Amino acid sequence: MSDRIADVYGEPTPHARGTVWPARVDLHLQPGVAEPDVERWVQSACLLCSNGCGCDIAVKDGRMVGVRGRAGDVVNHGRLGPKGLYGSTAWASSEDRLTRPLVREHGRLVETDWETALGQVVARSKQLLAEKGPLSHGFYTSGQLFLEEYYTLAVIGKAGIGTPHMDGNTRLCTATSAAAFKESFGADGQPGSYTDIEHCDAVFLFGHNMAETQTVLWARILDRTRGDDPPRVVCVDPRRTAVADEAERTGGVHLAPRVGTNLALMNGLTRELFEHRWVDEKWVDAHTLGMDELRGIVESYTPDHVADICGVDADDVRRAARIFGESSSVLSTVLQGFYQSHQATAASVAVHNLHLLRGMIGRPGAGVLQMNGQPTAQNNRECGADGDLPGFRNWDNAEHVQQLAEAWNVEAMTIPHWAPPTHAMQIFRYAETGSISLLWISATNPAVSMPESSRIRKILSGDQCFTVVQDLFLTETAELADVVLPAAGWGEKTGTFTNVNRTVHLSEKAVDAPGEARSDLDIFLAYADAMQFTDQDGAPLVKWRSPQEAFDAWRAVTAGRPVDYTGLSYDQLRGASGIPWPVNAEHPDGSDRLYADAVFPTDTDYCETYGHDLLTGAAVTETEHRAMAAGGRAFLKGAPYRPAHEEPSSDYPLLYSTGRTVYQFHTRTKTGRSRSLNAAAPDAWVELSVADADRLGITEGDWVRVESPRGTIEVRARVGRVMEGAVFAPFHYGHWEPTGDTLDTGRRLANELTMTVWDPVSKQPYFKTAACRVVKTRDGDGPAPAPTSTASAPARAHLPRTAGGAATRSEVLTETPAYPLDPSQVTPVAAVTPGDA
Amino acid sequence: MPHLTTYIGLADHSEKTLADSFQAVARGHDGEADVYHTCQMLAEWSNQHRRDLAPIIERYGEDDSVEEPERLHASGLVEVRSGPVGLLRDLQDLHVLASLVQTTWTVIAQGAQGLRDRELLEVATSSNAETSRQLTWLNTRMKEAAPQALIVTP
């Protein structure tokens with residue numbers, strides 16, 4: 001029996017390079033339920049981080065009572081992390097689930113029936129379409145819904161209403177991943193695979209505290225670093241994380257660049273590759289464009305210059321570059337430290353540049369994983385619920401628009417494609433000014449998760465915009481809505497979703513939703529019915545009723561596109577493992593990695609975008625793109641470093657950065673309702689460096705006020721392991737409390753302080769570059785409520801290690817299952833020399 | 001080459017007008033976060049072009065002897081308009097100003113070619129390339145803003 005709060009990664013299974021990752025099956029059942037009591041196990045995959053672990057849901061007496069990892073799944077080989085184990089099912093039977101629709105009457109939300117609630121939405125929607133047209137409608141969705149729901153919503157928005165104002169909270173977490181892929185390779189799509197971990201001899205984690213955000217994936221890396229012939233780890237992170245510790249332990253490097261200076265560091269690493277001739281020029285000539293321009297851009301970023309800008313040691317820059325330059329197979333991963341920070345897209349593209357310059361892409365061990373923040377973010381991007389056109393189609397390509405018009409049997413003019421889709425921050429700006437008058441929010445909590453919270457609250461609570469919120473609970477956002485629709489959650493509905501790794505899983509319905517809650521798909525279908533959206537022949541626009549029919553419609557529109565689902569079916573997904581796309585006639589069993597042939601989707605007629613100016617976000621035109629004649633070659637694109645939008649000043653001398661803890665997910669809607677998880681991280685805190693705490697007279701657990709030009713929080717201080725000059729705050733905590741109490745938002749909501757500013761290309765808001773000051777308000781009466789077992793560990797106080805999770809069971813299998821497509825099992829890994837290609 | 005000197009003066013002057021106008025639009029539309037930040041950056045680009053040009057102005061000398069044709073002067077944006085349609089119009093004005101800057105650099109580059117003045121050619125060419133990026137951004141942003149401003153704004 002193991003306590004997975006204390007032991008986040010579980011029992012190690014170290015193994016040698018090139019061998020298959022052993023299987024270990026993790027299981028947790030709610031207290032009082034024993035394994036023989038479980039009546040049914042229902043196939044699914046975990047939703048509590050972006051890793052996408054295959055799991056089965058335990059059902060007893062019509063309730064979800066636990067989860068078990070699927071041993072045969074390629075993603076997790078049976079494992080589950082603490083969030084998945086403890087957080088997957090507890091929320092579902094929580095007493096405060098929304099079970100009936102709510103409408104606002106005389107300023108208060110009151111219960112009503114579906115007919116009334118949906119009737120109000122439809123009436124407002126019809127009125128606005130008549131008076132102001134489609135651009136009065138905005139949709140803000142999630143990284144938590146299923147593929148079928150995103151696709152249905154995309155069709156309703158693009159072909160029913162005809163609005164370009166649709167985005168997901170994926171804009172806050174994963175937009176830069178998609179944007180970086182598009183700029184470098186011509187289209188979205190993860191090049192690498194988790195199986196690269198078994199074959200690499202170096203792992204670079206760029207702004208990615210994987211030890212906390214994807215614990216099962218980190219366990220997979222630990223099983224390599226603790227086994228024979230381990231890879232070296234290089235960590236780029238301003239905090240001293242467990243990843244940083246592992247970098248030091250493996251003989252790698254921990255680079256802690258000053259917050260907001262990632263691109264300067266990346267330019268320095270790139271320059272080192274050129275300087276030391278670690279560039280595979282033959283491969284680069286054959287498969288890329290733009291090397292000379294890139295060389296010019298990075299020319300001035302000597303290690304000493306980089307050291308000045310970033311506050312890192314020049315020799316550490318040299319050492320890190322040498323590891324990249326001299327390893328035979330490098331795996332890079334990237335996450336919020338890059339995506340939510342200054343010059344996000346340019347810095348993430350720079351990771352691709354390093355791989356392209358070394359010809360390290362498309363073979364086992366040499367890959368890139370631009371991570372996602374959420375479990376179904378990938379589907380949001382694929383289906384176009386983030387505003388893009390479904391199937392990685394290019395809104396600027398008339399032929400691509402025509403393909404969709406034919407698939408949906410509508411006029412091409414109906415589909416908004418005159419400009420890029422409206423990103424979330426702009427949608428909220430339009431809602432602020434009232435030109436969007438109906439905003440429909442599903443499965444996300446912007447009142448807590450968006451930057452500059454006081455502004456977001458004002459937008460949501462104002463009269464200028466009618467707000468519909470569809471969720472499991474009365475979140476901080478739902479409280480401000482005009483209509484609240486109760487939704488069914490994971491395990492209460494059927495659908496598919498796709499992880500970072502392109503692996504598609506089917507998640508089957510295990511139990512009924514409580515009360516009158518309906519699946520998001522059913523809600524969207526009911527709206528489409530009531531609005532009577534039709535195609536050119538007067539038939540209903542949305543021609544499906546069930547998730548499976550929606551999936552089949554989706555498969556059809558992916559034909560001929562990079563994100564090819566045509567060969568996938570629900571039946572196939574009921575097998576032992578999830579299956580990575582593309583799945584088609586050529587790859588009937590799916591594809592472990594992309595670009596093995598070094599042919600990239602950059603052809604002008606095929607690509608998802610013509611690209612952008614990385615500094616301004618200005619769009620490249622079709623004519624300009626065609627003139628470059630990329631024809632399947634990848635782009636090497638660069639940009640100079642520029643200082644962040646808000647630099648520390650005498651008034652606000654510290655840098656403010658927000659982030660995560662391993663024990664909570666997002667705004668705690670699910671994890672906060674798990675006793676084991678919530679007890680491990682029950683309340684907000686800020687982390688200060690020892691030097692800053694000493695200077696400010698702050699000791700562990702003191703109450704401090706943190707202020708930026710936009711807002712204030714008052715929380716307890718952890719004297720921790722952030723770099724000097726920086727302050728770290730977890731963003732999970734709004735005013736909702738599992739006890740039923742509500743707290744003053746200004747007391748602990750980290751986004752009170754963040755800025756309204758976003759990346760010019762990916763439009764991802766920057767949560768990690770604001771200036772702040774910290775003042776002690778009073779003595780604490782104990783340590784800060786921050787976990788002590790992770791990156792939030794104290795720097796010097798000796799505090800008991802976070803523990804106290806309910807019992808879980810874990811079993812390492814003596815015989816490892818066969819994993820389809822796993823290069824350790826399928827074929828011996830050929831010794832591919834880049835340059836032979 | 002008094003007329004080249006005039007054009008160099010015009011480049012300097014019109015870049016200043018453009019930089020100041022970008023700043024004015026940034027300040028005047030600070031509720032549009034991307035406009036606020038991007039216009040400030042693009043103003044800096046124009047100011048940098050002037051700094052790059054400064055040693056050349058010194059070399060050629062200030063020439064006030066030739067009357068600058070009045071129509072070459074474009075007045076900048078001192079006050080911005082308000083609201084979404086106002087933003088659209090202000091971006092259009094910036095586009096006009098940036099176009100004047102660009103054609104000025106084109107003309108100067110031709111003169112520099114004739115004179116084999118490598119230093120001037122380099123400044124004119126690199127500034128011109130960045131002016132193109134300013135114009136492209138303006139065009140992109142106008143395209144994004146136009147439908148909402150024209151159709152939905154009350």
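Chain A is divided into four domains, with bounds that come from an automatic or database domain assignment.

| Domain of chain A | Residues |
|---|---|
| domain 1 | 2-95 + 808-812 |
| domain 2 | 102-174 + 376-489 + 516-545 |
| domain 3 | 176-371 + 608-635 |
| domain 4 | 654-805 |

This is a predicted model, in which local features need pLDDT of at least 70, side-chain atom pairs count only at pLDDT 80 or more, and totals for chains, interfaces and linings use all residues. Residues are numbered from 1 along each chain as its sequence is written, and chains are lettered from A in the order in which they are written.

The C-alpha centres of domain 3 and domain 4 of chain A lie 29 Å apart. Their contact (C-beta atoms, placed from the backbone, within 7 Å) takes 27 residues from domain 3 of chain A and 22 residues from domain 4 of chain A. Among the elements that give two or more residues to the domain 3 side are α5 (175-185) and α15 (344-357) of chain A; helices are DSSP runs of H or I with at least four residues, strands are runs of E with at least two, and both are numbered from the N terminus. The most comes from α5(A), with three residues.

Eleven of the eleven residues of α5(A) are buried, so this helix is largely enclosed by the rest of the structure. A residue is buried if 20 or more other C-beta atoms, placed from the backbone, lie within 10 Å of its own. The buried residues of α5(A) pack against elements of chain A including α14, α15 and β15 (367-370). Just after α5(A), Gly186(A) takes a positive phi of about 95°.

Technical notes. Contact = placed C-beta atoms within 7 Å. Buried ≥ 20, exposed ≤ 12 C-beta atoms within 10 Å, placed from the backbone.
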